[in-house]
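Here is a brief report on a predicted model. Look over the sequence and the structure first, then read on.

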Amino acid sequence: MTDARTRSHGSFIHVDDLHKSFGDNEVLRGITFDVFEGETLVILGASGCGKSVLLKHIIALMHPDSGRIDYRGENIFDMRPAELNEVRMKFGMVFQGAALFDSMTVGENVGLPAFEHWGTRGADLEALVEEKLSLVGLSGIAKLRPSEISGGMKKRVALARAIALDPDIILYDEPTTGLDPIMAEQINELIRDTQKELGATSIVVTHDLHSACFIGDRVALVEAGKIEFVGTTEELVDTDQEAVRNFIARGHANRDRPEPDFTCSF
Amino acid sequence: MDLFAKLGRAALDMFRTVGCAGIIVWRALLSFRRLGRSFGLIFEQMQRFGVDSLPLVVITSIFTGAVAAVQVSYQLKEYLPKAYLGTAIFKSVVIELGPVLTALVVGGRVGASIAAELGTMRVTEQIDAMEAMAIDPHRYLVMPRILAGLIMLPALTVIADILAISGGFVVAGVALDVSSKVFVDGMKTLFYAGDVLGGLIKACAFGGIIALMGCTAGLRAQGGAVGVGQAATRAVVTSCVLILIGDYILTTLIYGIIFS
């Protein structure tokens, strides 16, 4: 159902035959997929398979060796800097380590895009910051510094900053990595709620199968720099493709593994 | 063979640094179009570059002037009368000691600080985050720092010149038996405004070098804490070397050609 809904809106990001190498290490080996308006696409894969590199290409933070990414039919790598900035303002990105500016307060972090691009100042800016922070459940922490808040709160602040300009697309790079299971669950719910509330298209990079099934409409499985599977979460679970079965089996194996005993570690 | 490989790598790294610095300067120049929206950032950097460096510059310059007085007196006692002590100190300070020593001490302090700050921002993806928000890091981070360097190093040099000459003046009066009138008359003798102006032009260039090398090293940092440390070291080493090479070139140009 979700697939039909999203496809009816048409593809507005098209990734075509993307290749990227770092020295001899070929990270992306011909990635091709579409992102449809309004959907949450999860890019799933093991650590080091190239999914974060792929996400950085989507917002042109990296440039491919070959291939293209079309945003509403235009290749973002052919755009002039001013055009690219116009496109980037339609994107919001939540980085793996939150990437909050540690020289600024939480409020200044969240308000920076509006301050820079819309010229929002004073009480208007404070109201906007408070609105975005309350959307992620963090009202009243605008005066704190990033160093004074927890890892989960940092991710939430990063999301508040990402949605500051009311973007069309939100990119999440490993949003639950490094968080405890309870906080990870809260972030998953927040991503889903934000998607419902704002109606923005979301692209989520994760290695967590549970997160992928919880938040995703569709899943693209990346293995060794290639897309091995694209389909709905239901199709992911039902498919017979070997790469998918192996990934799911590895995920279950990790999940069933007993918690390590750290009592003698030190 | 290993030596050639090392030399080759060092040469490639040098060319990469020069190329990066060129691109950074070009993009910072382009961002001057949005100068009006950057005054707050520029003033903040001017304070960090200039005001916060004052204690270090004050101490360095007072003692530089004091040492210059003792050295000039000792080196030239057989050849020059003490009436020329003021002249020698004034000229050596405004032409050479003021701009170069101020640039070297500020370069160590501010260059490392800029590289460490931008390097940390690079390795923690804060610069990627800025670009993802369609905020140009060259306008937001680089341009204010370069402008602060261009403005504040000459300002610091003026202060350093005054304090160094004062240091020399005090030592001349207290330890070298040169009266204040003789010292000041000596300064007036052979006074040439071009000396002061040339020193300040050099300081301006050195300020730009310090900020540019700090930004270049910081933006090129890779690989966590080690990378940030290496960026800070690279910023200080390259800016010190370029200040000394630039000093020779500028001194030749300014005093050998323009004011000769």
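Strand S6 of chain A has cover on both of its faces. On one side sit Phe91(A) and Met93(A); on the other sit Gly92(A) and Val94(A). All four are buried. The cut-off for buried is 20 or more other C-beta atoms within 10 Å of the residue's own.

Where does S6(A) belong? S6 (91-94) is an edge strand, pairing on one side only. The sheet is open and has 6 strands, in the order S6-S7-S8-S3-S9-S10 of chain A. Its pairing is mixed. Strand S10 (226-232) of chain A is the other edge strand, and it too pairs on one side only. On average, neighbouring strands of the sheet are turned by 15 degrees against each other, direction ignored.

The partner of S6(A) is strand S7 (residues 169-173) of chain A. These two strands run in the parallel sense and share 4 bridges. Two residues of S6(A) and their counterparts in S7(A) are listed here.

## An exposed helix residue

Is Asp238(A) buried or exposed? Asp238(A) has 10 C-beta neighbours inside 10 Å, so it counts as exposed. The cut-off for exposed is 12 or fewer. Asp238(A) lies in helix H9 (residues 233-238) of chain A. In sequence, Asp238(A) is 59 residues from Leu179(A). In space, the two are 29 Å apart, C-alpha to C-alpha.

## A helix pair in chain B

Now to chain B. Helix H4 (residues 85-123) of chain B meets helix H9 (residues 224-258) of chain B. Their axes come within 8 Å and cross at roughly 150 degrees. Angles over 145 degrees count as roughly antiparallel. H4(B) and H9(B) are therefore roughly antiparallel to each other. Their crossing is right-handed. In the contact of H4(B) with H9(B), 15 residues are nonpolar, 8 are polar and 1 is charged.

## Where the chains touch

How many residues does each chain bring to the contact? Chain A gives 15 residues, and chain B gives 10 residues. On the side of chain B that touches chain A, 5 residues are nonpolar, 2 are polar and 3 are charged.

Note on methods
Residues are numbered from 1 along each chain as its sequence is written. Chains are lettered from A and ligands numbered from 1 in the order in which they are written. This is a predicted model: local features need pLDDT of at least 70, side-chain atom pairs count only at pLDDT 80 or more; totals for chains, interfaces and linings use all residues. Axes are lines fitted to C-alpha atoms, for helices over the stretch in contact, and angles run from 0 to 180 degrees between N-to-C directions. Angles under 35 degrees count as roughly parallel, over 145 as roughly antiparallel, 65 to 115 as roughly perpendicular and the rest as oblique. A crossing is left-handed if the near helix is turned anticlockwise from the far one by less than a right angle, and right-handed if clockwise. Ala, Val, Leu, Ile, Met, Phe, Trp, Tyr, Cys and Pro count as nonpolar, Asp, Glu, Lys and Arg as charged, and the others, Gly among them, as polar. Two strands pair if DSSP finds at least two bridges between them. Two residues are in contact if their C-beta atoms, placed from the backbone, lie within 7 Å.
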